[in-house]
Amino acid sequence: MIPVNRRRFLAMTLSLPAVASAAVNTPTYTSSPDLIETLLTRAHVPRHSNELWVLVDDQEAALSVFRGNELVERFAPISLGRSGAKTQRTRGGNVTPLGEFRINRFNYESQWRIFMGVDYPTPPHARMALEKGIYSQTDYENYFDYYRRNGYPPQNTALGGAIGIHGLGSADPDIHGRHHWTQGCVAVTNAQIDRLAELVSVGIRVVIR
């Protein structure tokens, strides 16, 4: 992996022009609109006409797979976190994080049949945590240090981790059909997770809104 300094990494993540300087300077943030909500206003736009991507819609309780703007498959109802879906979550809050993610791992031996992990918390989530006082400056810097060393975000900070899309395993399908029941993940039925695993792969973009 090519080392990337924090400013350049965050600029790439936010689709902003990358800074030319290689120095890592400590940014100073002022009060601003919700960063994740701002990013979500354009997240539903395909990166290119043939992009395969996933949309999780909280209001519709549905997961849709698209090829560009064309719907490939839709699964509903799905289950999200017991405490709803929000732009900022903290460890143990049972909230599904809203935002734009990438699938970064598959676990075919999960208790939930198949688990597709996503790269939460993303750099924008870390930036919001700093602005809101959830992360200290040290926490924020440690987040990026970990990400650079390992290629994925830390899973044991105040923002929590282990977020992904999974099946029911041995969970009750009736409860799944009536209530949001997860600790923050997106849950579909076992048959649906099997089908989804046929459609997507590591690197696929996942928008949760």
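A: The chain has six helices and ten strands. Keep in mind that this is a predicted model, in which local features need pLDDT of at least 70, side-chain atom pairs count only at pLDDT 80 or more, and totals for chains, interfaces and linings use all residues. Residues are numbered from 1 along each chain as its sequence is written, and side-chain values use heavy atoms, with hydrogens and water left out.

Q: What is the omega of the peptide bond from tyrosine 120 to proline 121?

A: Omega there is near -5°, and the bond is cis. Most peptide bonds are trans. A cis bond also joins alanine 76 and proline 77, with omega about -5°; proline 77 sits in the loop between E3 and strand E4 (85-86).

Q: Why is threonine 182 called buried?

A: Buried means under 20% relative accessible area (exposed is over 50%, partly exposed in between; 1.4 Å probe, protein chains only). Threonine 182 comes out at 2%, so it counts as buried. It lies in the loop between helix H5 (173-178) and E9. Across the whole chain of 209 residues, 47% count as buried.

Q: What is threonine 182 in contact with, leaving aside its neighbours within four places in sequence?

A: Contact means heavy atoms within 4.5 Å. By that rule the partners of threonine 182 include Ser79, Leu80, Asn94, His166 and Ala187. Its side chain also has a polar atom 3.1 Å from the backbone nitrogen of glycine 184. A polar contact is a pair of N or O atoms within 3.5 Å; within protein, one must be able to donate a hydrogen and the other to accept it, and residues adjacent in sequence count only if both atoms are side-chain atoms.

Q: What makes E1 and E2 count as paired?

A: Two strands pair if DSSP finds at least two bridges between them. Six bridges join E1 to E2, running antiparallel, and valine 56 has leucine 63 as its bridge partner in E2. E2 and E3 also run antiparallel, joined by five bridges. Five of the six residues of E2 are buried.

Q: Why are strand E3 and strand E9 said to stand at the edges?

A: The open sheet has eight strands in the order E3-E2-E1-E10-E6-E7-E8-E9, with mixed pairing. Strand E3 (70-75) and strand E9 (186-187) each have a single partner strand, so one side of each is left without a neighbour in the sheet.

Q: Which residues of H2 are buried, and why are they said to line one face of the helix?

A: They are Leu35, Ile36, Leu39, Leu40 and Ala43. Seen down the axis of H2, they fall within an arc of 130° (taken from the directions from the helix axis to the C-beta atoms), so they line one face. These residues pack against E1, E6, helix H3 (123-131) and E10.

Q: What caps the N-terminal end of H2?

A: Aspartate 34 does: one of its side-chain oxygens lies 3.0 Å from the backbone nitrogen of isoleucine 36.

Q: What is the largest nonpolar core, and which residues have the most contacts inside it?

A: A nonpolar core is a set of buried Ala, Val, Leu, Ile, Met, Phe, Trp, Tyr and Cys residues joined through side-chain atoms within 4.5 Å. The largest one has 48 residues, and Val56, Leu63, Met116 and Leu196 have the most contacts inside it. Leaving aside neighbours within four places in sequence, leucine 63 touches Val56, Phe75, Ile165 and Leu196, among others.

Note on methods. Helix = DSSP H or I, 4+ residues; strand = E, 2+ residues; numbered from the N terminus.
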